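Please keep the structure open while reading.

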Amino acid sequence: RDKLKYELTVEGYSKGINQMLFEIDLYSGKFIFDTTVESKNPDANNAFGGVAFLGETEEYGEQWLYTRFDPIQLIDLREYQIKEANLYLPKYNDGNSFLDSHKMPISWCSFGTTWNTKNAFSEFMYVVRRSKKYEIVEVTDVVSDILRQDEPTNAGIVIKCHNTSGSTIVSTGDNYLFPQILAIKFQNN
(Lines give C-alpha, C1' and ligand atoms only; values in the text may rest on other atoms or scores of the structure.)
Protein backbone atom coordinates (compact mmCIF):
# COMPACT_ATOMS: atom_id res chain seq x y z
CA ARG A 1 0.00 0.00 0.00
CA ASP A 2 1.03 3.59 -0.54
CA LYS A 3 2.13 5.31 2.63
CA LEU A 4 0.33 8.51 3.50
CA LYS A 5 2.36 11.47 4.65
CA TYR A 6 1.11 14.23 6.91
CA GLU A 7 2.63 17.50 7.95
CA LEU A 8 1.77 18.94 11.37
CA THR A 9 2.46 22.44 12.61
CA VAL A 10 2.34 23.10 16.35
CA GLU A 11 2.38 26.67 17.62
CA GLY A 12 2.30 28.09 21.12
CA TYR A 13 0.13 30.88 22.48
CA SER A 14 2.93 33.24 23.35
CA LYS A 15 6.46 33.98 22.21
CA GLY A 16 9.37 32.65 24.18
CA ILE A 17 7.71 29.35 25.11
CA ASN A 18 10.30 26.91 26.35
CA GLN A 19 7.90 24.05 27.08
CA MET A 20 4.94 22.67 25.17
CA LEU A 21 2.59 19.73 25.64
CA PHE A 22 1.38 18.08 22.44
CA GLU A 23 -0.78 14.96 22.42
CA ILE A 24 -2.36 12.60 19.94
CA ASP A 25 -4.69 10.08 21.59
CA LEU A 26 -6.77 7.21 20.29
CA TYR A 27 -10.14 6.41 21.84
CA SER A 28 -10.86 3.18 23.70
CA GLY A 29 -13.55 2.12 26.15
CA LYS A 30 -13.32 4.14 29.33
CA PHE A 31 -13.97 3.76 33.04
CA ILE A 32 -13.62 7.45 33.91
CA PHE A 33 -15.74 9.95 32.00
CA ASP A 34 -14.77 13.58 32.32
CA THR A 35 -14.68 16.94 30.64
CA THR A 36 -13.19 20.32 31.35
CA VAL A 37 -15.21 23.53 31.24
CA GLU A 38 -13.59 26.95 31.14
CA SER A 39 -14.62 30.57 31.55
CA LYS A 40 -12.63 31.94 28.57
CA ASN A 41 -14.41 29.55 26.15
CA PRO A 42 -17.84 29.38 27.84
CA ASP A 43 -19.63 27.51 25.04
CA ALA A 44 -17.01 24.78 24.52
CA ASN A 45 -15.62 21.85 26.47
CA ASN A 46 -12.75 19.44 26.04
CA ALA A 47 -14.40 16.04 26.47
CA PHE A 48 -11.49 14.20 24.80
CA GLY A 49 -8.62 16.30 26.15
CA GLY A 50 -5.88 14.43 27.98
CA VAL A 51 -4.89 17.30 30.28
CA ALA A 52 -6.76 19.75 32.55
CA PHE A 53 -5.40 23.14 33.61
CA LEU A 54 -7.31 23.47 36.88
CA GLY A 55 -7.39 26.99 38.20
CA GLU A 56 -6.73 30.21 36.32
CA THR A 57 -4.68 30.52 33.11
CA GLU A 58 -4.41 33.16 30.40
CA GLU A 59 -5.43 30.65 27.71
CA TYR A 60 -8.52 29.16 29.39
CA GLY A 61 -9.62 31.53 32.13
CA GLU A 62 -10.89 29.48 35.07
CA GLN A 63 -11.08 25.74 34.34
CA TRP A 64 -12.93 22.97 36.24
CA LEU A 65 -12.92 19.18 35.71
CA TYR A 66 -16.22 17.26 35.82
CA THR A 67 -15.51 13.57 36.55
CA ARG A 68 -17.63 10.42 36.97
CA PHE A 69 -17.09 6.65 36.93
CA ASP A 70 -18.85 4.03 34.82
CA PRO A 71 -20.92 2.26 37.51
CA ILE A 72 -21.31 -0.91 35.43
CA GLN A 73 -17.57 -1.56 35.71
CA LEU A 74 -17.81 -1.50 39.52
CA ILE A 75 -20.75 -3.91 39.80
CA ASP A 76 -18.55 -6.91 40.75
CA LEU A 77 -17.45 -5.08 43.90
CA ARG A 78 -20.92 -4.88 45.47
CA GLU A 79 -20.30 -7.69 47.94
CA TYR A 80 -17.35 -5.85 49.50
CA GLN A 81 -17.33 -3.16 52.16
CA ILE A 82 -15.36 -0.11 50.99
CA LYS A 83 -12.91 1.32 53.51
CA GLU A 84 -11.44 4.04 51.29
CA ALA A 85 -11.34 5.04 47.63
CA ASN A 86 -8.99 7.60 46.10
CA LEU A 87 -8.66 8.92 42.57
CA TYR A 88 -5.03 9.67 41.69
CA LEU A 89 -4.60 12.43 39.12
CA PRO A 90 -1.06 12.46 37.70
CA LYS A 91 0.23 16.03 37.67
CA TYR A 92 2.45 17.81 35.20
CA ASN A 93 3.56 20.71 37.36
CA ASP A 94 4.02 21.78 40.95
CA GLY A 95 1.16 24.23 40.56
CA ASN A 96 0.48 26.86 43.16
CA SER A 97 -3.26 26.28 43.18
CA PHE A 98 -5.00 24.06 45.71
CA LEU A 99 -7.88 21.88 44.57
CA ASP A 100 -11.23 20.95 46.12
CA SER A 101 -13.76 18.31 45.12
CA HIS A 102 -17.51 18.84 45.18
CA LYS A 103 -20.24 16.23 44.82
CA MET A 104 -22.67 16.60 41.94
CA PRO A 105 -26.38 16.30 42.81
CA ILE A 106 -27.56 15.40 39.29
CA SER A 107 -26.12 13.74 36.20
CA TRP A 108 -24.32 15.69 33.48
CA CYS A 109 -23.21 14.96 29.92
CA SER A 110 -19.52 14.92 28.92
CA PHE A 111 -20.35 16.39 25.52
CA GLY A 112 -23.09 18.86 26.47
CA THR A 113 -21.53 20.42 29.55
CA THR A 114 -19.86 23.81 29.06
CA TRP A 115 -19.13 26.75 31.36
CA ASN A 116 -22.48 28.26 30.32
CA THR A 117 -24.48 25.04 30.71
CA LYS A 118 -22.71 23.42 33.68
CA ASN A 119 -24.75 21.95 36.48
CA ALA A 120 -24.26 23.48 39.88
CA PHE A 121 -22.36 21.34 42.35
CA SER A 122 -23.72 20.94 45.82
CA GLU A 123 -21.82 19.39 48.61
CA PHE A 124 -18.17 20.22 49.29
CA MET A 125 -16.45 16.89 49.72
CA TYR A 126 -12.74 17.20 50.39
CA VAL A 127 -9.65 19.29 49.93
CA VAL A 128 -7.56 17.40 47.39
CA ARG A 129 -4.35 15.99 48.90
CA ARG A 130 -1.03 16.51 47.18
CA SER A 131 1.90 14.18 46.71
CA LYS A 132 4.99 14.55 44.60
CA LYS A 133 3.45 12.99 41.48
CA TYR A 134 -0.32 13.09 42.11
CA GLU A 135 -3.28 15.16 43.20
CA ILE A 136 -5.29 12.69 45.31
CA VAL A 137 -9.07 13.06 45.37
CA GLU A 138 -10.95 11.08 48.01
CA VAL A 139 -14.00 9.47 46.37
CA THR A 140 -15.02 6.97 49.07
CA ASP A 141 -18.56 8.37 49.33
CA VAL A 142 -19.02 8.39 45.56
CA VAL A 143 -17.86 4.77 45.09
CA SER A 144 -19.84 3.59 48.15
CA ASP A 145 -22.99 5.27 46.78
CA ILE A 146 -22.55 3.51 43.43
CA LEU A 147 -22.17 0.10 45.12
CA ARG A 148 -25.20 0.59 47.42
CA GLN A 149 -27.67 1.28 44.63
CA ASP A 150 -29.70 -1.44 42.87
CA GLU A 151 -29.55 0.50 39.62
CA PRO A 152 -26.25 2.32 39.90
CA THR A 153 -25.91 5.83 38.61
CA ASN A 154 -23.17 8.29 39.24
CA ALA A 155 -23.46 12.05 39.03
CA GLY A 156 -19.78 12.32 39.92
CA ILE A 157 -17.76 15.23 41.20
CA VAL A 158 -16.30 18.56 40.14
CA ILE A 159 -12.64 19.27 40.85
CA LYS A 160 -11.83 22.95 40.93
CA CYS A 161 -9.29 25.37 42.27
CA HIS A 162 -9.70 26.39 45.91
CA ASN A 163 -7.84 29.69 45.49
CA THR A 164 -8.22 32.11 42.62
CA SER A 165 -4.68 32.31 41.29
CA GLY A 166 -2.45 29.86 39.46
CA SER A 167 -3.21 26.45 38.05
CA THR A 168 -2.40 22.81 38.54
CA ILE A 169 -2.03 20.68 35.40
CA VAL A 170 -3.35 17.11 35.75
CA SER A 171 -4.17 14.12 33.55
CA THR A 172 -7.79 13.47 32.63
CA GLY A 173 -9.56 10.17 31.99
CA ASP A 174 -8.49 10.41 28.34
CA ASN A 175 -4.77 10.52 29.09
CA TYR A 176 -2.94 7.38 27.97
CA LEU A 177 0.58 8.49 28.87
CA PHE A 178 -0.19 9.16 32.54
CA PRO A 179 -3.61 7.58 33.26
CA GLN A 180 -5.70 8.36 36.30
CA ILE A 181 -5.82 5.59 38.92
CA LEU A 182 -8.75 4.62 41.14
CA ALA A 183 -7.42 2.87 44.28
CA ILE A 184 -9.97 1.10 46.46
CA LYS A 185 -9.24 -0.36 49.92
CA PHE A 186 -11.70 -2.86 51.34
CA GLN A 187 -12.69 -3.60 54.95
CA ASN A 188 -11.44 -6.84 56.45
CA ASN A 189 -14.40 -9.13 57.26
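This is a predicted model: local features need pLDDT of at least 70, side-chain atom pairs count only at pLDDT 80 or more; totals for chains, interfaces and linings use all residues.

**Sheet**

- β7, β8, β4 and β11, in that order, make up an open sheet of 4 strands with antiparallel pairing.
- The edges of this sheet are β7 (129-130) and β11 (181-186), each of which pairs on one side only.
- β4 (residues 82-90) and β8 (residues 134-138) are joined by 5 bridges in the antiparallel sense.
- In general, the strands of a sheet pair through backbone hydrogen bonds, in either a parallel or an antiparallel way.

**Helix α1**

- Helix α1 spans residues 140-148 and lies across β4, β8 and β11.
- The helix runs at about 120 degrees to β4.
- Its buried residues are T140, V142, V143, S144, I146 and L147.
- These buried residues pack against β4, β8 and β11, and also against β3 (61-69), β6 (124-127) and β9 (157-161).
- An α-helix has 3.6 residues a turn, so residues three or four places apart point the same way.

**Aromatic pairs**

- The whole structure contains 9 aromatic pairs.
- One of them is the tilted pair of Y80 and F186, with 5.1 Å from centre to centre and 45 degrees between the planes.
- This pair links distant parts of the chain, since Y80 is in the loop between β3 and β4 while F186 is in strand β11, 106 residues apart.
- Y80 counts as partly exposed because its relative accessibility is 40%, and F186 is partly exposed with a relative accessible area of 31%.
- A single aromatic cluster is formed by W64, W115 and F121.

**Charges over rings**

- K118 places its charged end over the ring of W64, at 5.1 Å from the ring centre.
- R68 lies over the face of W108, and its distance from the ring centre is 5.0 Å.

**Lysine K30**

- K30 belongs to the segment before β1 (32-38).
- Is K30 buried or exposed? K30 is buried, because its relative accessible area is 10% and the cut-off for buried is under 20%.
- The K30 side chain makes a polar contact with the side chain of D174, at 3.1 Å.
- Setting aside neighbours within four places in sequence, K30 is in contact with A47, D70, Q73, G173 and D174.

How values were computed. Residues are numbered from 1 along each chain as its sequence is written. Side-chain values use heavy atoms; hydrogens and water are left out. Two strands pair if DSSP finds at least two bridges between them. Helices (H or I, at least four residues) and strands (E, at least two) are DSSP runs, numbered from the N terminus. Contact means heavy atoms within 4.5 Å. Axes are lines fitted to C-alpha atoms, for helices over the stretch in contact, and angles run from 0 to 180 degrees between N-to-C directions. Buried means under 20% relative accessible area, exposed over 50%, partly exposed in between (1.4 Å probe, protein chains only). Rings of Phe, Tyr and Trp (its six-membered ring) pair if their centres lie within 6.5 Å; planes under 30 degrees apart count as stacked, over 60 as edge-to-face and the rest as tilted. A charge sits over a ring if NZ of Lys or CZ of Arg is within 6 Å of the ring centre and within 35 degrees of the ring normal. A polar contact is a pair of N or O atoms within 3.5 Å; within protein, one must be able to donate a hydrogen and the other to accept it, and residues adjacent in sequence count only if both atoms are side-chain atoms.
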